[in-house]
Amino acid sequence: MAYNSLIARVELTHVSFGEVASVIGKAGGDIISIDVISSSGDSSVRDITIEVGDSEEQQVVENLKAMSGIKVINVSDRTFLSHLGGKVSVESKIPIKNRDDLSRVYTPGVARVCSAIHEDERKAYSLTIKRNTVAVISDGSAVLGLGDIGALASAPVMEGKAMLFKQLGDVDAFPICLDTQDTEEIIRTIKNIAPIFGGINLEDISSPRCFEIEERLTKELDIPVFHDDQHGTAVVVIAGLLNALKVVGKNIEDIRVVVNGIGAAGVAICKMLLSAGVKRLVPVDFEGAIIHGGEYSYPMWQWLAEQEQVESQPGTLKEVIQDADVFIGVSRAGLLNGEDVEKMAADPIVFAMANPNPEIAPEEALKHVRVFATGRSDYPNQINNVLVFPGIYRGALDCRASLINEPMKLAAARAIASVVTDKELNEQYIIPSIFNEHVVEKVRDAVIETAILTGVARRIPPDFR
Ligand SMILES: NC(=O)C1=CN([C@@H]2O[C@H](COP(=O)(O)OP(=O)(O)OC[C@H]3O[C@@H](n4cnc5c(N)ncnc54)[C@H](O)[C@@H]3O)[C@@H](O)[C@H]2O)C=CC1
Ligand SMILES: CC(=O)C(=O)O
Ligand SMILES: [Mg+2]
């Protein structure tokens, strides 16, 4: 269930706050805070912040309105309030106070700087925003688990990613929503806007188009192109899995892994699981297990069917999950229940990562599962690509990497896993919080070191000389 928080502004006249609290509680709301806005002899106006599930929201408000001695002045949704006017803005680094400043930052002074870049394009890295700016680009075709909701509706997610880039990695990121879902047009548009950016972060572009778009752009541009839903997700899954396996005392070579949803995230996760040493893999999509020796029209599914680690036994998700050590879901909400995960092997690990609602309700899974994680921030073990992209890009920009290769991604996964020490590690803590101050730094350093070793760094940052 999704949770929202509401702020109800109410005027209380002949009713005690205790009665109001009891009505809210009975309707399923939790009071988070109360602010007194004004108070006179026989009345007071208060803002009550209430956390409430989607299905109870209306009931809470209706019950408050039905009470006598209380007037509901206004109800606002805090999530919507945080989006008013958008979440990011562009700021100048230096002020323009007089004509002298104007003639340096703008014409005529700026012309000399333009000419310098015209003569040597590498100077764009020192004289423009290029060295620290990434484009966060979506076509709105696979937004979270909401599906194809279009370019404009994807904007709040892209703005959110831009905020996280800035706050966690000090990367300036710009949200871009493309009003086309045509592969060639997307590639052409991104190539045309690429000059000012130091990197391209593709986001929420559905499969299979996302594979070609990323592959072509990586070949045709000289800046890193990173499809977050593929690689960011795969990196954080491997990080979480390495630690979860330590908790349950199993080796990666011995486990049987079911991955459900073989789209952008699922394909990248399967590939990375194989390179990390998994020997028994069951990829599953709508039509059931993708099997070794099978024939598939999607090239990525066909590639998987040719891997010897992929099992050859067909079956539905509910069948193949029996005896699995690990379930990784990057598909849709509510596909599994407690009975399904109960049939897994001993000490099951379940990463139910569909957003905003996971493949199995946490309350149900937790009764049967040893290690459980979701993509959400309101439960322990948040396996979300936000742990990856700020640090990966901080590193890639600092060493001016021409691309982000497989060894860099594996190094990032190990770096994230290493933030949780053996002493700290337990079922509830397999992955660091996104607010852990060591994550970005460790990922950045691991990425730079590996970029230098694999020959894709075009600059050695001073702290690596
Ligand atoms: N926690 C995290 O960091 C991340 C979570 N996700 C979540 O993973 C999900 C998938 O994202 P993408 O791979 O980007 O989308 P996508 O659209 O590329 O892939 C989704 C895949 O799931 C399959 N699928 C849908 N319903 C299914 C069902 N009932 N059974 C089996 N397969 C089913 C689709 O056929 C498709 O292949 C979304 O819910 C998204 O929010 C994605 C990226 C990161
Ligand atoms: C987290 C993320 O990128 C997604 O759910 O699509
Ligand atoms: Mg995404």
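**Entry 1: a polar pair to begin with**

I started at Asn 260, whose side chain makes a polar contact with the side chain of Ser 331, at 3.0 Å. I noted that this is a predicted model. Next I looked up where Asn 260 sits, and found it in strand E9, residues 256-260. Is Asn 260 buried or exposed? Its relative accessibility is 4%, and the cut-off for buried is under 20%, so Asn 260 counts as buried.

**Entry 2: the magnesium ion**

Then I moved to the metal. Which residues coordinate the magnesium ion, ligand 3? I found Glu 203 and Asp 229 there, together with Asp 204. The glutamate gives an OE atom and the two aspartates give OD atoms, at 2.0 to 2.1 Å. I wrote the spacing of these donor residues along the sequence as E-D-x24-D.

Asp 204 is in the loop that runs between strand E7 (199-202) and helix H9 (209-220), while Asp 229 is in helix H10 (residues 228-248), so the pair ties together parts that are 25 residues apart in sequence. I also checked their cover: Asp 204 and Asp 229 are both buried.

**Entry 3: ligand 2**

For Lys 161, a polar side-chain atom lies 2.9 Å from an oxygen atom of the ligand. For Asp 204, an N or O atom in the side chain is 3.0 Å from a ligand oxygen. For Asp 229, the value for a side-chain N or O atom is 2.9 Å. How much of ligand 2 does the protein bury? Taken alone, ligand 2 exposes 220 Å², and the protein buries 86% of that.

**Entry 4: ligand 1**

Ligand 1 has 25 residues around it, and I noted the ones that come nearest: Thr 233, Ala 264, Ala 265, Asp 285 and Asn 385. The shell divides into 11 nonpolar, 11 polar and three charged residues.

Ser 207 has a polar side-chain atom 3.2 Å from an oxygen atom of ligand 1. Ala 265 uses a polar backbone atom, which is 2.9 Å from a ligand oxygen. Ile 383 also has a polar backbone atom in reach, 3.1 Å from a nitrogen atom of ligand 1. Taken alone, ligand 1 exposes 850 Å², of which the protein buries 89%. I asked which elements give two or more residues to this shell, and they are H10 and helix H11 (264-276).

Ligand 1 has residues of both domain 2 (101-223) and domain 3 (230-465) in its shell, so ligand 1 lies between them.

**Entry 5: backbone notes**

I went on to the backbone and looked for cis peptide bonds. One runs from Thr 107 to Pro 108, with omega near 10°. Pro 108 is in the loop between helix H4 (99-105) and helix H5 (109-119). Another cis bond joins Asn 355 to Pro 356, with omega near -5°. I found Pro 356 in the loop between strand E13 (349-352) and helix H15 (362-365).

With a relative accessible area of 42%, Leu 144 is partly exposed.

My last stop was Asp 323, a residue other than glycine with a positive phi near 70°. It lies in the loop between helix H13 (317-320) and strand E12 (326-329). Its relative accessibility is 54%, so I marked Asp 323 as exposed.

Terms used:
Residues numbered from 1 in each chain as written. Chains lettered and ligands numbered in written order. Predicted model: local features only at pLDDT ≥ 70, side-chain atom pairs only at ≥ 80, totals over all residues. Heavy atoms only, no water. Donors = N, O, S within 2.8 Å, 3.2 Å for Na, K, Ca; no water. Helix = DSSP H or I, 4+ residues; strand = E, 2+ residues; numbered from the N terminus. Buried < 20%, exposed > 50% of the residue type's maximum accessible area, 1.4 Å probe, protein only. Polar contact = N/O pair within 3.5 Å; in protein donor to acceptor, adjacent residues only side chain to side chain. Areas by Shrake-Rupley, 256 points an atom, 1.4 Å probe, with all protein chains shown as cover. Near = heavy atom within 4 Å. Nonpolar A, V, L, I, M, F, W, Y, C, P; charged D, E, K, R; others polar. Domains from an automatic or database assignment.
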